[in-house]
Amino acid sequence: MTPASITAYLSLGSNVGNRMANLERALELLNATAGITVVRRSSIYETEPWGVTEQPPFLNAAVEIRTSLEPGDLLAAVKAIEEAMRRATTVRYGPRNIDVDILLYGTLVVNWETPDLQIPHSRMLERAFVLIPLAEIAGHIQHPTASKPISNLKATVQGKEGVVLWSETR
C-alpha cells in the first residue's frame, strides 16, 4: 500500500569538489526519483564543518519535497542518490561530495526502525546549518517532538555565526 503524498524536508550538504554542482545534481536526481517531487529549496548557505572541523566549509540547503514513498523507501532513495554520486565514506562527519538527510516526514516520529532512520533527524536541533535553511522554507512548521516552530528553534540554536548566505558570484 502506497501512502498518500506526504510533505517531507531534506537537508543537502557538500564540501568536496564543485560543491554547488553537487547540490544541483542531487536535486536533479531527487526530482528524477519515482515518488519524489521537489517543491522548493532554500537559499544556499556556506557553513563551517560540524563534528570534524579540520575540513573545507560546506554548502548546505534545505529542500521541501512531496513523496508517496514510505520513510524506509525514502531513506533507500536518498542513499541511492548518494551512491550514484559516488559519495565516499571516510570518517564520520568527515568530508563528502554529497550528504542527503531526511529531516522531517510530515508529523511522523520514527526512532525504532534503524539507527539510520530517525525522524525527525536526531541531531537537527543542534545544527544551525540545518535549522537556518529549513526555517527559510518551513519556519512555521512545528517540530514533532520539540513542540516548537522551526523558526523558534533556529533562534536559539548555537553556531549561527558559522552559517552565511553563499553567492555563486564569489
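Me: Which residue does E82 form a salt bridge with?
Reply: E82 pairs with K79, and their closest N and O atoms are 3.5 Å apart. A salt bridge here is a side-chain nitrogen of Lys or Arg within 4 Å of a carboxyl oxygen of Asp or Glu. This is a predicted model, where local features need pLDDT of at least 70, side-chain atom pairs count only at pLDDT 80 or more, and totals for chains, interfaces and linings use all residues. Residues are numbered from 1 along each chain as its sequence is written, and side-chain values use heavy atoms, leaving out hydrogens and water.

Me: Where do E82 and K79 sit?
Reply: Both are in helix 2 (residues 71–84), about one helical turn from each other because they are three residues apart. Helices (H or I, at least four residues) and strands (E, at least two) are DSSP runs, numbered from the N terminus.

Me: And is E82 buried or exposed?
Reply: E82 is buried at 5% relative accessibility, while K79 is partly exposed at 37%. Buried means under 20% relative accessible area, exposed over 50%, and partly exposed in between (1.4 Å probe, protein chains only).

Me: Switching topic, what does R40 meet in a salt bridge?
Reply: The side chain of R40 meets that of E64, at 2.7 Å from N to O. This pair links distant parts of the chain, with R40 in strand 2 (residues 36–41) and E64 in strand 4 (residues 58–67), 24 residues apart.

Me: Nice! How many salt bridges does the count come to?
Reply: Six by this rule. Among them is R25 with E28, at 3.2 Å from N to O.
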